[in-house]
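Subject: A structure for you

Hi there,

Here is the structure I promised to pass on. Please open it alongside this email, and my notes follow below.

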Amino acid sequence: MPFSLHYDPLKKGGGWWMPLASIAVALLICAVFIALNGMNPLTVYGKMLQGAFGSSFGISETLVKAIPLLLCGLGVAVAYRISIWNIGAEGQLVAGAIAATAVTIYLPNLPGELYIPVMMIAGMAAGAVWGLLTAVPRTYFGVNELISSLMLNYIALLLLDYLVYGPWRDPKGFNFPGTPIFSLDQQLLTFGSSRLHVGLLFALAAVAVFAFLFAKTRWGYEMKVLGANPNAARYGGIRINRHILLVMMISGGLAGLAGMSEVSGVAHRLMYGISPGYGYTAIIVAWLAKLNPWAMVVTSIFVGGLIVGGFSVQTIGLPSSISLMLQGMILICLIGGEMLSKFRLKRKAGMSNG
């Protein structure tokens, strides 16, 4: 053969077209499984599209799902900017939800107008602390953040179970695993009669802030240098340990804000299963957007639409878990595509053009 295949680890992955191609390939692969199940893939995809974006209710529900995905996805992207894998957004979200609920339980006499700001601060602080539990071992003891952040998710979820089944369970809740319903002062405002709440504004504000910081500040430049070459960053005087600690606090804080938004804006209580896996799904949101904050607005809405559309297909005999199958296949195709894009063909030495 006149050509040989070479892997270049320093080569950048595919361009803007790679996420679109990954989605298209994932839809084609999943269409095969849908057809094997005796259903028309076009009918199923059309039903999902109609359920997510075909009505004002569907659009509002899609945006409700997009809020925690956008906040957690932004947190995941912030960490990965310096090559830190934060797999703990799920636990950080739950920690934020627990802390925000604690404000409603232990500060019953707080002035009404202060509840939302205090709950936001508590949620972000708890998420930040949960992020530090990963960052400190990673920074000072070399502990792999993939393992520690993942294990911390289960600790947060077990703590949630303990609280809603135990000391925080509503005595008037007919044994339901959840806290008492929040008062109106403790609930985020909604738009009209929908469930869409002002947490959407929090998420969009966070995107704008971090888009500016990444593009226009020294901190953003140092993040780029540190992510591209830690050795060069160290020689350039960039304090790597401080950046890791700060970035994981920010990452956890954003996920904690997502948890606060869920309990205050959607559930209006802390309850079992407060998150259906938003922290994990946010990884797909971040990767589809190629870590671009503004692109994450689009990808979070897209993935939120998959979740809502998954509920719609139950009316035609398919389980809602089809959305999970699509999400997983999209991530597999995206990672596979990025890896394949680093290979290139090289003409072997001594081979002539003729």
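This is a predicted model: local features need pLDDT of at least 70, side-chain atom pairs count only at pLDDT 80 or more; totals for chains, interfaces and linings use all residues.

Which residues make a nonpolar surface patch of about 530 Å²? The patch is made by Val25, Ile29, Val32, Phe33, Leu36 and Met325. Helix α1, which covers residues 17-36, gives the most to it, with 5 residues.

Next, have a look at helix α10, residues 240-267. The helix has 28 residues, and at 1.5 Å a residue they should span 40 Å. The C-alpha atoms at its ends are 39 Å apart, which agrees with that expectation. Of those 28 residues, 23 are buried, so α10 is largely enclosed by the rest of the structure.

What happens to the backbone just after α10? Histidine 268 takes a positive phi of about 60° there, although histidine 268 is not a glycine. This residue lies in the loop between α10 and α11, the latter being residues 278-288.

A second case of this kind is lysine 290, a residue other than glycine whose phi is positive and near 55°. Lysine 290 is placed in the loop between α11 and α12, where α12 covers 293-312. Its relative accessible area is 34%, so lysine 290 is partly exposed.

Is asparagine 86 buried or exposed? Its relative accessibility is 2%, so asparagine 86 counts as buried, since the cut-off for buried is under 20%. You will find asparagine 86 in the loop between α3 (56-80) and α4 (89-106). The side chain of asparagine 86 is joined to that of glutamine 92 by a polar contact of 3.2 Å. If neighbours within four places in sequence are left aside, the residues in contact with asparagine 86 are Val76, Ala79, Gln92, Ser149, Met248 and Ser251.

Notes: Residues are numbered from 1 along each chain as its sequence is written. Side-chain values use heavy atoms; hydrogens and water are left out. Helices (H or I, at least four residues) and strands (E, at least two) are DSSP runs, numbered from the N terminus. The expected span of a helix is 1.5 Å times one less than its number of residues. Buried means under 20% relative accessible area, exposed over 50%, partly exposed in between (1.4 Å probe, protein chains only). A polar contact is a pair of N or O atoms within 3.5 Å; within protein, one must be able to donate a hydrogen and the other to accept it, and residues adjacent in sequence count only if both atoms are side-chain atoms. Contact means heavy atoms within 4.5 Å. Patches are made of residues with over 30% relative accessible area and no salt bridge: like charges are joined within 9 Å, nonpolar side chains (Val, Leu, Ile, Met, Phe, Trp, Tyr) within 5 Å. Accessible areas come from the Shrake-Rupley method with a 1.4 Å probe; for residues, only the protein chains shown count as cover. A salt bridge is a side-chain nitrogen of Lys or Arg within 4 Å of a carboxyl oxygen of Asp or Glu.
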